[in-house]
Amino acid sequence: MNLAKHDAETEMELNMTSMIDVVFLLIIFFMIITDLTQQDLEDLKLPLATAATEDKPDPTKKRPIFNVKHNGEIVVSREVLYSPEVNDSQANPLKEVESSLVVIARGMPKGETDGLPDDPLMIRGDEVVPFKYVQKVMELCGKKGIQIWKVQLGASIPQEN
Amino acid sequence: MSLVSDMQNEKHEMEMTPMIDVTFLLLIFFMCTLKFKMLEGKLTAYLPKDAGVNPEDTPPIEKVQVDIHVIDEGTKMTADGKNLYTDPTGKARHSFANRRLSYTLMNQKFTDLGELQKVLKRIKDQRGEDKAPAVLQPFGGTIMGDIIPVLDAAVAAGFEDISFGGAFPDHVR
């Protein structure tokens, strides 16, 4: 009798620790996942700049980031929009980049006085990429129908220690 | 009776192991993310606004233009900079050793970025409050790693309005 009663009581108690463990693990997992998808950052070696301001993106806001890899490939949201090897033989090699910029510019809030897109475009260029590839993006920014005139250039801040 | 007292004893004891587990996990997680976040920064610059968009005439402001030329491309090295670059496909990362550049500012030629920054700072201090715009004009052969330090120097000298070369002539090849 005594034993049976004891068993019944222990069954009622729920062990919370393992559940909390799993919950924390899930929270961490989703934090990492959302961070990666929202930043759209390619693995690049950015040039050093001491005067660069620390990049603190608003996690709720999606911002356009153009990555220019060391071989000249232009990557947006993990999608290669331009590659010198593949696209340079085509008639309009930057077609995809341009159409993506048009979409981005359309989605940006417009300035009151001039009606031009008011948000900056983030360009992350690798340290060794020839500047002409970054310039291609900049040139397209000035085109009619895009006219993005603010850019932020990605750089890495040298660590003090 | 003895069973009840045993159970009461168990309740008072706290199980520490899982809590320590979770704490360590959180600690490691925040250490990782902090390291990633610290590295990334940005420099703000402007592109030339199309002249046709602003019909009203704006008085021309004297711009501080820095031309960036490559004197010596340097030797192409592997990414770690220890060996000569030999990858026949050309797809692997590379770096440059002994690269030399020249910066031209108001007909003055500089080869040292520190000196250029000093002169830029002097110009900025002379002009004082008025928004003196600076223009960076990269020429043929420049790479991203050549341009960013100049932009960085201009920002450090106090310039706020920095733009990239006018009509993008076919300088960069």
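In this predicted model, helix 4 of chain B has the buried residues M144(B), G145(B), D146(B), I147(B), I148(B), P149(B), V150(B), L151(B), D152(B), A153(B), A154(B) and V155(B). Because 12 of its 13 residues are buried, helix 4 of chain B is largely enclosed by the rest of the structure. Just after this helix comes G158(B), which takes a positive phi of about 110°.

Helix 4 of chain B also matters for the count of core residues. The largest nonpolar core has 57 residues, and within it L151(B) and A154(B) touch the most other members. Helix 4 of chain B gives the most to this core, with 8 residues. If neighbours within four places in sequence are left aside, L151(B) is in contact with L43(B), A45(B), L136(B) and I162(B), and also with L153(A) from the other chain.

| Helix | Number of residues | Span in the model | Expected span at 1.5 Å a residue |
|---|---|---|---|
| Helix 4 of chain B | 13 residues | 18 Å | 18 Å |

Helix 3 of chain B is followed by G128(B), and the phi of G128(B) is positive, near 65°.

Chain A is described next. It has 5 helices and 6 strands, and read along the sequence these follow the pattern α-α-β-β-β-β-α-α-β-α-β. Chain A has 161 residues, of which 32% count as buried. Among its contacts between residues at least 6 apart in sequence, 68% join residues at least 24 apart.

S99(A) lies in helix 4 of chain A, residues 95-107. S99(A) counts as exposed because it has 11 C-beta neighbours inside 10 Å, and the cut-off for exposed is 12 or fewer. S99(A) and S18(A) are 81 residues apart along the chain, and their C-alpha atoms are separated by 50 Å.

The two chains also meet. Here 46 residues of chain A are in contact with 43 residues of chain B. On the side of chain A that touches chain B, the elements that give two or more residues are helix 1 (2-12), helix 2 (17-39), strand 1 (53-54), strand 5 (121-125), helix 5 (131-141) and strand 6 (150-156) of chain A. The residues on this side divide into 22 nonpolar, 15 polar and 9 charged.

There is also strand pairing between the chains. Strand 1 of chain A pairs with strand 1 of chain B, residues 40-46, in the antiparallel sense over 2 bridges. In this pairing, T53(A) stands opposite K42(B).

Methods
Residues are numbered from 1 along each chain as its sequence is written. Chains are lettered from A and ligands numbered from 1 in the order in which they are written. This is a predicted model: local features need pLDDT of at least 70, side-chain atom pairs count only at pLDDT 80 or more; totals for chains, interfaces and linings use all residues. Two residues are in contact if their C-beta atoms, placed from the backbone, lie within 7 Å. Helices (H or I, at least four residues) and strands (E, at least two) are DSSP runs, numbered from the N terminus. Ala, Val, Leu, Ile, Met, Phe, Trp, Tyr, Cys and Pro count as nonpolar, Asp, Glu, Lys and Arg as charged, and the others, Gly among them, as polar. Two strands pair if DSSP finds at least two bridges between them. A residue is buried if 20 or more other C-beta atoms lie within 10 Å of its own, exposed if 12 or fewer, and partly exposed in between; C-beta atoms are placed from the backbone. The expected span of a helix is 1.5 Å times one less than its number of residues. A nonpolar core is a set of buried Ala, Val, Leu, Ile, Met, Phe, Trp, Tyr and Cys residues joined through C-beta atoms within 7 Å.
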